[in-house]
Amino acid sequence: MNFRQLEVLKTLLATGSTIATAKSMGLSQSGVSRLLQQLESDLELRLFDRDKGRLIPTPEASILARDAETILLGLNRFSGLAEDLRSGAKGPELVRVGLPSSMWENFAPAMMKEFVRDYPSVRIETFFETTSNIARLVEQKVIDFGFLRNEHPALPGIDMEIVASGTSVCVLPEGHELASMKEISARDLRGVPLILIGRQRPTRMLLDQTFAREAVRQNVKIETHTNSSACSYVAHGLGVAILSSFFANLYRNLPIVQRPFVPVTTQEFALATPSGTSASLAAKALMDALKRQIEISQKHCSSD
C-alpha cells in the first residue's frame with residue numbers, strides 16, 4: 001500500500017468518478033483503476049461495487065477514507081518539513097564554527113553574507129582562535145566544525161578535509177627595496193626589521209631554524225599573534241613579515257606585496273569535524289560557503 005493509492009481512495013470518494021479523479025490527480029483513467037485494484041488487493045477488502053460502469057463506495061470505503069485523509073495530511077506535513085530542512089527554513093537553529101583570528105575582518109563576513117541569504121533562520125556563532133584551540137573545540141564538540149592549519153601528527157577525535165594550501169612568502173610594503181627581487185631568502189633579510197608571528201608555534205620554530213641555518217640574526221621589530229595584524233603593520237611600513245600566502249592573500253586590499261620566501265615551505269589548511277558525527281544540512285551549507293570563499297580569496301593571486 002502506498003500514498004498514491006490512498007489519494008485515489010480519497011479523491012474517488014470526493015469526485016464520485018474515475019474520470020474526475022484521473023483529471024484531478026493528473027493520471028489516466030486506467031491508472032486510477034489500477035491503483036484502486038491494487039489497494040483493494042493489498043487490503044483484501046472490497047471498497048467499491050461496480051454497477052454499469054459506476055463505482056459505488058462501500059461503507060468500509062467511507063470509514064477508511066477518513067483515516068486516509070488524516071494519513072495524507074500527515075505525509076504532506078512530513079514532506080513540507082523535509083523541504084523546510086532542505087531550504088533552511090527549519091532545522092538546527094545554531095551552527096558554531098571556529099576560524100583563525102586573521103579571518104574575522106574580510107573573509108568571515110563575505111562567507112556569512114552568502115550563507116544567511118539561503119538560511120535566514122539559522123543563527124551562527126563564530127569562535128576566532130588558534131589552530132590548537134580550534135582543534136580542541138572540535139574534539140570536544142563545542143563547535144560543529146573548524147577551519148585550521150593541518151599539522152602532523154593527525155589529531156585524535158577529529159576528521160580532516162584538506163581544502164586549501166599556501167606557500168611561504170615575504171610580505172613587504174609597496175615600494176620596498178626588496179620588492180624588486182623575484183624571491184627572498186633569510187640572507188636578504190639581514191638587518192631588515194621583521195614582523196613575526198608568535199613564538200612557540202610550529203611554523204615560527206621552522207622559520208627560526210631557517211635563519212639559524214643561514215647564520216642570520218633576526219632583527220625582530222614586532223612580535224604579533226595574528227596574520228591580519230602582521231599585514232597591517234607591514235602596510236604601515238613597520239617592517240616585513242613572513243607568512244603563508246593563504247593569509248597574505250586575504251589582505252591584498254592593503255598596500256603590500258608578496259615575494260616567495262625561500263626555501264619554500266607549503267602549508268595545508270583543513271575543515272575539521274568531530275569524528276563519528278554527521279553535520280546538519282545548515283552546517284554543511286556553511287562549510288560549502290567557506291570553501292567558495294576560499295576559492296574567491298585565493299583567485300588571481302600573484303606576487304606583483
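Guide: Thr 21 touches Val 8, Thr 11, Leu 12, Thr 15 and Val 32, where residues up to four places away in sequence are not counted. Contact here means heavy atoms within 4.5 Å. The model is a predicted one, in which local features need pLDDT of at least 70, side-chain atom pairs count only at pLDDT 80 or more, and totals for chains, interfaces and linings use all residues. Residues are numbered from 1 along each chain as its sequence is written, and side-chain values use heavy atoms, with hydrogens and water left out.

Visitor: Is Thr 21 buried or exposed?

Guide: Thr 21 is found in helix α2 (residues 18–25). Helices (H or I, at least four residues) and strands (E, at least two) are DSSP runs, numbered from the N terminus. Buried means under 20% relative accessible area, exposed over 50%, and partly exposed in between, with a 1.4 Å probe and protein chains only. Because its relative accessible area is 0%, Thr 21 is buried.

Visitor: Which residues of α10 are buried?

Guide: Helix α10 covers residues 281–298, and at 1.5 Å a residue its 18 residues should span 26 Å, which agrees with the 26 Å between its end C-alpha atoms. The expected span is 1.5 Å times one less than the number of residues. An α-helix has 3.6 residues a turn, so residues three or four places apart point the same way. The buried residues of α10 are Ala 282, Ala 283, Ala 285, Leu 286, Met 287, Ala 289, Leu 290, Gln 293, Ile 294 and Ser 297.

Visitor: What is the volume of the largest pocket, and which element gives the most to its lining?

Guide: On a 1 Å grid over the protein atoms alone, a pocket is an open set of points where a 1.4 Å probe fits, with protein on both sides within 12 Å along at least five of seven lines, and lining residues have an atom within 4 Å of a point. Grid points are joined across faces, edges and corners, and the volume is the space filled by probe spheres set on the points. The largest pocket has a volume of about 950 Å³. Of its 40 lining residues, the closest to its centre are Arg 149, Glu 151, Pro 202, Thr 203 and Arg 204, and the element that gives the most to the lining, with eight residues, is α7.

Visitor: Is Arg 204 buried or exposed?

Guide: Arg 204 is in helix α7. Among the residues that Arg 204 touches, not counting those up to four places away in sequence, are Leu 196, Gln 218 and Glu 223. With a relative accessible area of 5%, Arg 204 is buried.

Visitor: Where is Lys 141 placed, and is Lys 141 buried or exposed?

Guide: Most residues other than glycine have a negative phi, and most peptide bonds are trans. Lys 141 has a positive phi of about 60 degrees although it is not a glycine. Its place is in the loop between α6 (131–139) and β5 (145–149). Since its relative accessible area is 53%, Lys 141 is exposed.

Visitor: Which peptide bond is cis, with omega near 0 degrees?

Guide: Pro 263 lies in the loop between β11 (256–262) and β12 (266–274). The cis peptide bond, with omega near 0 degrees, runs from Val 262 to Pro 263.

Visitor: How many disulfides does a search of the whole structure find?

Guide: A disulfide is a pair of cysteine sulfur atoms within 2.5 Å. Cys 170 counts as buried at 0% relative accessibility, and Cys 231 counts as buried at 0% as well. The number of disulfides found in the whole structure is zero.
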